[in-house]
Amino acid sequence: MSLCDDTLLCNFPKCRTTLNGFAWVTACSHVFCDQHGSGEFSRSPAICPACSSALSGKLDIVRTELSPSEEYKAMVLAGLRPDIVLDISTRAMTFWSYQVHQEHMYQKHSLSRAEAQLKQMEKVLTQQNQCRELELSAMSAEIASLKKVMEDYKRKYSEVSERLMERNRQYQKLQALYDSLRLRNMVVGTGDRDPAQHPAHYRFNTEAARQAAPQRSPQFLSASHDGEGRFFSCLEAEGGKPFFQFSSPARERARPFDKNL
């Protein structure tokens, strides 16, 4: 606000509006809008809302028109001596200068208060940023740890999957072998069980039995001179004694029937 400004502001603390029309002027060099002046100065004794000064004189409070008519300006100072006119003008200019100075002080105070609030806000913002950075660092470390754990789980899952696939392949092989053995046993059970008529099935069954029990597997023996073949022999520690043996069909037919048996 400068001296060339043609507007004043209401000095009421919570108003600060631009004055126009009528205004209330006090002897303590304060000015108020018509609304707050009428409300504050209607009580007795009158107290200035800006500086709390008592306004008990007859002319301590004046309601004046800020834009007077030409007739009023022509007659208000008419008939007064020049020194009186200059004195009135000097006091009016002093009032205006005081209002400008007060407005300057008020704006300076508002600026300093705003700067203090800004510094406080910046301090709070800096503290919040530091807290957020610490939280972000902690969360980044936690994410890195979780990623490491996830990689370990992925590796273990891959290993377990590979082992499972290998076990499945082994199971499928065993299942196929089991189905083949069961099929062959079914064929052998429904057909002639004479090993001389089905030598291939008999050899397969003996081989499967030998693989199933390798610690007590029977040993194959070659056929003798008379055509009698011993297919299995369970050998003892002191010497080889036959556990059971089969005779050829030709020898059975050639052997005479013993009625005592």
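Start with residues 257-261. Their pLDDT, the predictor's confidence in each residue from 0 to 100, stays under 50. Where pLDDT is low, the predicted coordinates should not be read in detail. For the chain, mean pLDDT is 78, and 70% of residues reach 70 or more.

Ground rules. This is a predicted model, where local features need pLDDT of at least 70, side-chain atom pairs count only at pLDDT 80 or more, and totals for chains, interfaces and linings use all residues. Residues are numbered from 1 along each chain as its sequence is written, and side-chain values use heavy atoms, leaving out hydrogens and water.

Now the pocket. A pocket here, on a 1 Å grid over the protein atoms alone, is an open set of points where a 1.4 Å probe fits, with protein on both sides within 12 Å along at least five of seven lines; lining residues have an atom within 4 Å of a point. Of the 28 lining residues, Val25, Thr64, Ile88, Ala92 and Phe95 are closest to the centre.

Which element gives the largest share of the lining? Helix H3, with 7 residues. Strands S1 and S5 and helices H2 and H3 each supply at least two. Helices (H or I, at least four residues) and strands (E, at least two) are DSSP runs, numbered from the N terminus.

Next, salt bridges: a side-chain nitrogen of Lys or Arg within 4 Å of a carboxyl oxygen of Asp or Glu. The count is 9. Asp34 and Arg63 pair at 3.1 Å, N to O. This pair links distant parts of the chain, with Asp34 in helix H1 and Arg63 in strand S5, 29 residues apart. Asp34 is partly exposed at 27% relative accessible area. Buried means under 20%, exposed over 50%, partly exposed in between (1.4 Å probe, protein chains only).

Two other bridges sit within helices. Lys73 and Glu70 come to 3.1 Å, both in H2, 3 residues apart. Glu70 is exposed at 57%. Arg91 and Asp87 come to 3.5 Å, both in H3, 4 residues apart. Arg91 is exposed at 60%.

Conventions
Contact = heavy atoms within 4.5 Å.
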